[in-house]
Amino acid sequence: MVNILFCGNDGVFDGFLTCALSLMKRTKSQEPFAFRIFTMELPRLSPKYTGLPEKHITLLRDTVRKYNSENTLTVTDVTKLYEQEFAYCPNEGAYCSPYTLLRLLADLVDDMPDKLLYLDADILFQRDVHLLYDIDLTGYEYAAARDHYGKYLLYPNYINAGVILFNMKEAKKNGLFEKARQELRRKKFLFADQTALIHATTRKKLLPQRFNDQKFLHTHTVVRHFSKRLFYTPYPHTENIKQWQVDKVHNIFHYYQFDDILNEYLSIIGKQ
C-alpha cells in the first residue's frame, strides 16, 4: 500500500484531484493507494475555512477507485485536535493558511501507517511515485528536498515541507511532531510549519531536487511543485500558478507533459 496524506479544505479540491490523478497515471505497479485527507472547520478565523463537501469526497473516492478497486480515500476532520494544539497560537495568522499545520497532527490520529508520504495539493507527479516512496528511511524521521529559494536565502539545507516522506515510527520515537507543535505555540514564524518542523528534526534524509522541483521541469523531475515562484520578465515579480489553471500551465510554463492528467481532470469536473 502506498500511503498518501493531503491536508486542506475545498479551496484546494482541484489540487487533491489532479495530484491523485498524476500519482495513479504515472505509477506502473498495481499496488493500491491509500489516500488520506486531513481537513477541518474553522469559521472563527474565516468563513472560507470549511471542510470538504460530501459531493467532492464522493467524486474523489469514485475517481481513485476507478483506477484500482483496492484504492481507498479516508477524510478525517481534525478540528478538535487543531483547536487542542494550535488554537490562538502565534502562527494561526501566518503566511500560509492554518491548514498547513494539520500535517503536524499525524501522530495524534489513529491508524496511521509506518510510512507516509505527505504532499501539498499543488503538486503533480511526472514519474513513478515508487522512485520516491521506496527510499529507505531507516534511522531517519523523514526525507525531503531543499527549498529552492530557502537554500540560498536562509541556509543550504533548509527543506521544503511540501513533499515529505515520513518514517512515522522514528518520528514518534523522537517526538518530532510534538516538538514542532511546541515551537508553533512558542513563537511566530514566517513559514510556520516548515520552520517548526526543521527546528524539531533530529535526523532527516536530504533528497535531490528532482523529488520536489519548485521552479523547473526536467526530464528527470519526479515531482513538480507548483508553488509561488519568481519571474524576471517583463519585470521581476512573483506568481502563484497552480496546475489546475490549465491555460496558464500551457501559456506561461509551456508544459504539455501533463495534458493527459489535466484533460481527465477537466472531463471529471465537467461532469459535476
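This is a chat about a predicted model of a protein.

Student: Before we start, what should I know about the numbering and the model?
Tutor: Residues are numbered from 1 along each chain as its sequence is written, and side-chain values use heavy atoms, with hydrogens and water left out. The model is predicted: local features need pLDDT of at least 70 and side-chain atom pairs count only at pLDDT 80 or more, while totals for chains, interfaces and linings use all residues.

Student: Okay, how many helices and strands are there in the protein?
Tutor: There are 10 helices and 11 strands. Helices (H or I, at least four residues) and strands (E, at least two) are DSSP runs, numbered from the N terminus.

Student: What percentage of the residues is buried?
Tutor: Buried residues make up 57% of the 272. Buried means under 20% relative accessible area, exposed over 50%, and partly exposed in between (1.4 Å probe, protein chains only).

Student: Let's pick a helix. Which residues of helix 2 are buried?
Tutor: His56, Ile57, Leu59, Leu60, Thr63 and Val64 are buried in helix 2. Seen down the helix axis, the buried residues fall within an arc of 165°, so they line one face of helix 2. The arc is that of the directions from the helix axis to the C-beta atoms.

Student: What's on the other side of helix 2?
Tutor: Glu54, Lys55 and Lys66 are there, and they are exposed.

Student: So what covers the buried residues of helix 2?
Tutor: The cover includes helix 1 (13–26), strand 2 (33–39), strand 3 (72–77) and helix 10 (259–269). Helix 1 is itself mostly covered, with 13 of its 14 residues buried.

Student: New topic: how many aromatic pairs are there in the whole structure?
Tutor: A search finds 12. Rings of Phe, Tyr and Trp (its six-membered ring) pair if their centres lie within 6.5 Å; planes under 30 degrees apart count as stacked, over 60 as edge-to-face and the rest as tilted. Phe6 and Phe35 form a stacked pair, 6.3 Å centre to centre with 15° between the planes.

Student: Where in the chain are Phe6 and Phe35?
Tutor: Phe6 is in strand 1 (residues 2–7) and Phe35 in strand 2, 29 residues apart, and the pair links distant parts of the chain. Both Phe6 and Phe35 are buried. One aromatic cluster is formed by Phe6, Phe16, Phe33 and Phe35.

Student: Which charged end sits over the ring of Phe226?
Tutor: That of Arg224, 4.8 Å from the ring centre. Arg44 lies over the face of Tyr88, at 4.3 Å from the ring centre. A charge sits over a ring if NZ of Lys or CZ of Arg is within 6 Å of the ring centre and within 35 degrees of the ring normal.

Student: Last one: where is Val78 found?
Tutor: Val78 is in the loop between strand 3 and helix 3 (79–86). At 2% relative accessibility, Val78 counts as buried.

Student: And what does Val78 touch?
Tutor: Not counting residues up to four places away in sequence, Val78 touches Phe38, Thr39, Met40, Leu102, Leu105 and Val109. Contact means heavy atoms within 4.5 Å.
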